[in-house]
Amino acid sequence: MDDGEQKNNAPHGLPTMLRRQYSLNLSADLLRTESFIGGKWVSTPSAFPVLDPATGKKIANVSDCGPQEARDAVSAAYTAFYSWKEQTAKERSDLLRKWFNLLIQHKEDLAKLITAECGKPMKESLGEIAYSASFLEWFSEEANRVDGDVVSSNAKDRKIILLKQPVGVASIITPWNFPSAMITRKVGAALAAGCTVVVKPAEDTPLSALALAELAGQAGIPAGVFNVVPCSRERTPAVGEILCTDPMVGKISFTGSTATGKILLKHAAETVKRVSMELGGNAPFIVFDSADVDRAVAGAMGSKFRNSGQTCVCSNRFLVQSGIHDQFVEKLGKAMDAELRLGHGSEPTTTQGPLINVRAAEKVEHQIADAVSQGATLLRGGKRLEGSFMQPTLLTNVTTDMLCTQEETFGPLAPVIKFNTEKEALTIANSSHVGLSGYFFSQDVSQIWRVAEQLEVGMVGVNEGLLSTTVAPFGGVKQSGLGREGSKYGIAEYLEIKYMCFGGLTP
């Protein structure tokens, strides 16, 4: 692509930014590149490169763990579990609080790491660190509230006590799009419950996980309680299999695609492990005729284009009622022109970084080409620029036969489907085999209750495009997964209930 072509793409083009040199001045203290096993930094014979997705340049070489390192990490976690679970809830709470304080203290350096390896703008990376830290704060408090129950007995000579105890070692496999937040959301709950963990971070973004391990050590979290085994894409299947089949592992928590989740569930079945699965989504975003259009457009912008569309709760299908369809589309297009700027995440004006890799950009390209070939109208964007940068794209005249409405996009593509009735919208929205999140905008109170109850998703945003928060349960229905994360329910995923019956008592 030459300069002339880039200028013609304004305001979404990349004038010369990839020819410039960028330096985020990454902290040497937090830029760790070895695995973290049993409280020690452990190197491996081979390493794999971590790249800046905006420029394709190498950030660092990271230890490429294999099955042996995975086994070592599980063994270290298993050994540590028997002392960690005996610590008082207050002791675990205090350590999680220290870890929280360190995240806040190092938020700038941690955000730079996320921007470097994930590509998202610094403003979003700073937001992720604040979100990440909030889980450590929350679960430091929840650690003190793991209470059992005394149950009224049906016999006079018996007393019934229910204890809550940690499940043991938890294997935690995390995604690349929110590398820090996904770790603290899972690990915070596990450690608060008294479990120990082995984390396998995504191959694109291991640096955030290793930085968290460094800070966990500084916080005084004991050796073996928190282990990190990074590995390349090539070694991921073998490492993942160990983490899901080792008899010493009691729990698996995974965030990623539905296809991969099904593989891990099969592994877990061999030893009947507890599982939490946060899998794919295909979120509908419905705008009814009664909606406040400006509020709906603002919600669409936040929901669709955060992290360049690379979140599991991003709106994937826009369903707009015929009465306000044209008005909504016009305002959304203008908002995209005014608010979205492609660039390197270190640039203050950037709102849209690159997609994580070229494969991700090619998927979005393919969906756009498929839609246009079937009659969709391209109103904004539509082109892949240098590397994995993708123009924010707006399509209309979209139908449910097109790939962009059937598959999760994970990119900055907004396909708009026109509908006429509420029933039609719900039929389209619920036609997916997944159901993580859904959004709709309406000012009709009766309609709000009807639609909120009938949407087949685990999370509903009503007149709101951003719904993730520490205090609410995160998770989906259908093939979007099993279990919940965050909130008071998140810690329950790492606890077993033991029933104790005391008999022969004198009434």
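Reader: Which residue of β6 is the bridge partner of Asp 149?

Author: In this predicted model, Asp 149 has Leu 162 of β6 as its bridge partner.

Reader: What makes β5 and β6 a pair of strands?

Author: Two strands are called paired if at least two bridges are found between them. Strand β5 (residues 149-151) and strand β6 (residues 159-166) are joined over three bridges, in the antiparallel sense, and therefore they meet the criterion of at least two bridges.

Reader: How many bridges join β6 to β22?

Author: Eight bridges join β6 to strand β22 (residues 495-502), and the two run antiparallel. Within β22, Lys 498 stands opposite Leu 163.

Reader: Why is Glu 278 called buried?

Author: A residue is buried when its relative accessible area is under 20%. Glu 278 has a relative accessibility of 3%, and therefore counts as buried. This residue belongs to strand β11 (residues 274-278), and an unreviewed UniProt entry lists Glu 278 under "active site".

Reader: What is Glu 278 in contact with, leaving aside its neighbours within four places in sequence?

Author: Contact requires heavy atoms within 4.5 Å. Among the residues in contact with Glu 278 are Met 182, Arg 185, Cys 312 and Phe 474.

Reader: What is the volume of the largest cavity, and how is its lining divided by class?

Author: The volume of the largest cavity is about 90 Å³. Its lining has six nonpolar, three polar and two charged residues. The count of cavities of 30 Å³ or more comes to four.

Reader: What is known of the second largest cavity?

Author: The second largest cavity holds about 50 Å³ of space. Its lining consists of 13 residues, with Arg 317, Ala 429, Val 434, Gly 435 and Val 457 nearest the centre. At least two lining residues come from each of β12 (283-287) and β17 (434-435).

Reader: Why does His 106 count as buried?

Author: The cut-off for a buried residue is under 20%. The relative accessibility of His 106 is 18%, so the residue counts as buried. His 106 lies in the loop between α3 (89-105) and α4 (107-118). Not counting residues up to four places away in sequence, His 106 touches Leu 30, Leu 215 and Gln 218.

Reader: Which elements do the buried residues of α8 pack against?

Author: They pack against α2 (67-84), β7 (169-173), β8 (196-200), β10 (249-255) and α9 (258-269). The buried residues of helix α8 (residues 236-245) include Val 239, Ile 242 and Leu 243.

Reader: How much space lies in the largest pocket, and which residues are closest to its centre?

Author: The largest pocket contains about 1,200 Å³ of space. It is lined by 45 residues, and those closest to the centre are Trp 176, Phe 254, Gly 256, Ser 257 and Thr 260. The largest share of the lining, six residues, is supplied by α9. By class, the lining comprises 16 nonpolar, 19 polar and 10 charged residues.

Reader: Which helix gives the most to the lining of the second largest pocket?

Author: Helix α5 (residues 122-142) gives the most, with six residues. The second largest pocket has about 540 Å³ of space, and Arg 306 is one of the residues nearest its centre.

Terms used: Residues numbered from 1 in each chain as written. Predicted model: local features only at pLDDT ≥ 70, side-chain atom pairs only at ≥ 80, totals over all residues. Heavy atoms only, no water. Helix = DSSP H or I, 4+ residues; strand = E, 2+ residues; numbered from the N terminus. Buried < 20%, exposed > 50% of the residue type's maximum accessible area, 1.4 Å probe, protein only. 1 Å grid on protein atoms, 1.4 Å probe; cavity = no way out; pocket = protein on both sides within 12 Å on 5 of 7 lines; lining within 4 Å. Points joined across faces, edges and corners; volume = space filled by probe spheres on them. Nonpolar A, V, L, I, M, F, W, Y, C, P; charged D, E, K, R; others polar. UniProt positions renumbered as here; feature names shortened; annotations may be inferred.
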